[in-house]
Amino acid sequence: GLAQRAMLLVYLVLKQDRFTGYDAHYFPSPEVPFTRLSEPKNYSGRTDPAGRTVLCAELPCSTAERVWGADDASLRTLVTDGLAAAGLPVTSAVLDVAVRRLPAAYPLYRVGWEERFDRVDAWASGLPGLLTFGRQGLYAHDNTHHALAMARSAVACLGDDAHFDAARWARSREDFTHHVVED
């Protein structure tokens, strides 16, 4: 009963140094089929490789939707048409397209999800040597830096003698409920 939203990651390799000066663009409009476009090169501040950049379009969907099974060429067109509709046309050559399909990318918070999650979480918490955290483990729409903070918290609960401080982990889990998604 805990549903997940799927996502397509459509990567376009462009023959140009940079597409824009921004690391990410957000598209809340229904005219654009993807919700976010990132240019990983802009996150790093690096300029290599010269004459080439990559765009990553994030397209939330369901595995039952037609777009989930679309071929790379169709998804390339979907992304380039969406960018043109948003006023960001691709004007350079597209050198390559790669698609990654994530069948469970985001939790879907349907009525009653809390009770379902609490049951699964209680069961998983009772398994010796198992910790759950991150987006799928805690059914939380968190950022990557939140998942990394959770991992650091888990490591901090492990003593030099390999004893795990369950009380400290419980406090950390409470702290995780205060995470705020940042984009």
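Okay, let's start on the outside of helix H3: the face turned away from its buried side carries Glu 115, Arg 119, Ala 122 and Trp 123, which are exposed. By exposed I mean over 50% relative accessible area, by buried under 20%, and partly exposed lies in between, with a 1.4 Å probe and protein chains only. Helices here are DSSP runs of H or I with at least four residues, strands are runs of E with at least two, and both are numbered from the N terminus.

Before I go on, a word on the model. It's a predicted one, where local features need pLDDT of at least 70 and side-chain atom pairs count only at pLDDT 80 or more, while totals for chains, interfaces and linings use all residues. Residues are numbered from 1 along each chain as its sequence is written, and side-chain values use heavy atoms, with hydrogens and water left out.

Back to H3, then. Which of its residues are buried? Those are Phe 117, Asp 121 and Ala 124. Looking down the axis of H3, these buried residues fall within an arc of 60°, so they line one face of the helix; the arc is that of the directions from the helix axis to the C-beta atoms.

Now the whole protein chain. There are six helices and five strands, and along the sequence they run β-β-β-α-β-α-β-α-α-α-α. The radius of gyration is 20 Å, well over the 16 Å that the globule rule gives for 183 residues, so the chain is more spread out than a compact globule. That radius is taken over C-alpha atoms, and the rule is 2.2 Å times the number of residues to the power 0.38. Along its principal axes, the C-alpha trace spans about 55 × 40 × 25 Å. Of the 183 residues, 36% count as buried.
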